[in-house]
Amino acid sequence: MGNIIRGAAAFIPSDRCQRYLVGDLKEMPLDCTLDLSSRQLRRCPIRACAFSELVKLYLSDNHLSSLPSELHNLKKLQLLALDFNSFEELPPVICSLQQLNILYLGNNRLYKLPKELAQLTELKTLWLETNCFIKFPCVICNLPNLKTLHLGYNQFHSLPGELANLNELRSIWLAGNLLNEFPPVLLKMHSLEVIDVDRNRIRHFPSLVNLRGLKLVIYDHNPCVNAPSVGDDVRRVGRWADCFEDENDEAEVKSAEVSTEVQGQLQEHES
């Protein structure tokens, strides 16, 4: 019943209904974090844009398709979570938040990114999984400090050579796309620690031995005829990666490895 009432209130722009959805928002949170996730919001509360000292803003799991221009007041914002909403285009105001380190945009309807995204020179983590990208948004290649890039479950067939410009990139997640071959540009990116190409269409893997920084490669659920060759200390998740006595044990080990890696990445970048 609560969600039904919230859903109805979200359509009514009165101050009273907005207070019901998000509270009074009278004072700046002491921890500089505002969590308005899962509130059935269809518009971002203008009052939230008055907290100029805000560092983290969570607006996940709502019905947002736009953001107010007043959001540019949040000059100190470092984390913005907009995943599980209804964005078809990136709101321009986001590109004015030049202190952003972490931007979550997964599970929306995005199919392109504006060139102004390159203004976010401090961005380190960008999540764009489960959107509607057919072509790789090349503006990403102009984010000099990017360390983690999640592009899983889109419709990419290839990656641009310009991706090699991202010298700080440490992990790239490309599961669930339409890659017919292992992206050649990744062979030039020696700082990569994690490569995920699970659930694509790759039939043959080149040797990854020369990727000196590599720690984990996930290549399961591809129609491949070989496993990628890797260095001695690199973990592989996929067919012929290792030998286990029991297939169930193998599945458990794979799951644990990937979960641990993801948790480690998130803790590193949010700390």
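Reader: Which residues of the largest nonpolar core touch the most other members?

Author: Let's take the general idea to begin with. A nonpolar core is a set of buried Ala, Val, Leu, Ile, Met, Phe, Trp, Tyr and Cys residues joined through side-chain atoms within 4.5 Å. Buried means under 20% relative accessible area, exposed over 50%, and partly exposed in between, with a 1.4 Å probe and protein chains only. Here the largest nonpolar core has 70 residues, and L163 and L186 touch the most other members. A second, separate core of six residues includes Y58, L79, A81 and I102.

Author: A word on the source: this is a predicted model, in which local features need pLDDT of at least 70 and side-chain atom pairs count only at pLDDT 80 or more, while totals for chains, interfaces and linings use all residues. Residues are numbered from 1 along each chain as its sequence is written, and side-chain values use heavy atoms, with hydrogens and water left out.

Reader: Thanks! What is L163 in contact with, leaving aside its neighbours within four places in sequence?

Author: Contact means heavy atoms within 4.5 Å. With those neighbours set aside, L163 is in contact with F136, C141, L149, I172, V185, L186 and M189.

Reader: How many helices and strands does the protein have?

Author: Helices (H or I, at least four residues) and strands (E, at least two) are DSSP runs, numbered from the N terminus. The protein has three helices and ten strands. Their order from the N terminus is α-α-β-β-β-β-β-β-β-β-β-β-α.

Reader: What share of the residues counts as buried?

Author: Of the 271 residues of the protein, 48% are buried. For the surface, accessible areas come from the Shrake-Rupley method with a 1.4 Å probe, and for residues only the protein chains shown count as cover. The protein exposes about 13,700 Å², with carbon and sulfur atoms supplying 48% of that area.

Reader: How many aromatic pairs are found in the whole structure?

Author: A pair of aromatic rings is described by the distance of the centres and the angle of the planes. Rings of Phe, Tyr and Trp (its six-membered ring) pair if their centres lie within 6.5 Å; planes under 30 degrees apart count as stacked, over 60 as edge-to-face and the rest as tilted. A search of the whole structure gives five such pairs. For F205 and Y219, the ring centres are 5.3 Å apart and the planes stand at 65 degrees, so this pair is edge-to-face. The pair links distant parts of the chain, 14 residues apart: F205 is in the loop between β8 (194-196) and β9 (216-218), and Y219 in the loop between β9 and β10 (235-237). F205 is buried at 2% relative accessible area, and Y219 is buried at 0%. Elsewhere, F133, F136 and F156 form one aromatic cluster.

Reader: How many salt bridges are there?

Author: A salt bridge is a side-chain nitrogen of Lys or Arg within 4 Å of a carboxyl oxygen of Asp or Glu. The count comes to six. In one of them, the side chains of E168 and K147 meet at 3.4 Å, N to O. E168 lies in the loop between β6 (148-150) and β7 (171-173) and K147 in the loop between β5 (125-127) and β6, so the pair ties together parts that are 21 residues apart in sequence. E168 also forms a salt bridge with R170, at 3.9 Å, N to O.

Reader: Are E168 and R170 buried or partly exposed?

Author: E168 is partly exposed at 29% relative accessible area, and R170 is partly exposed at 21%.
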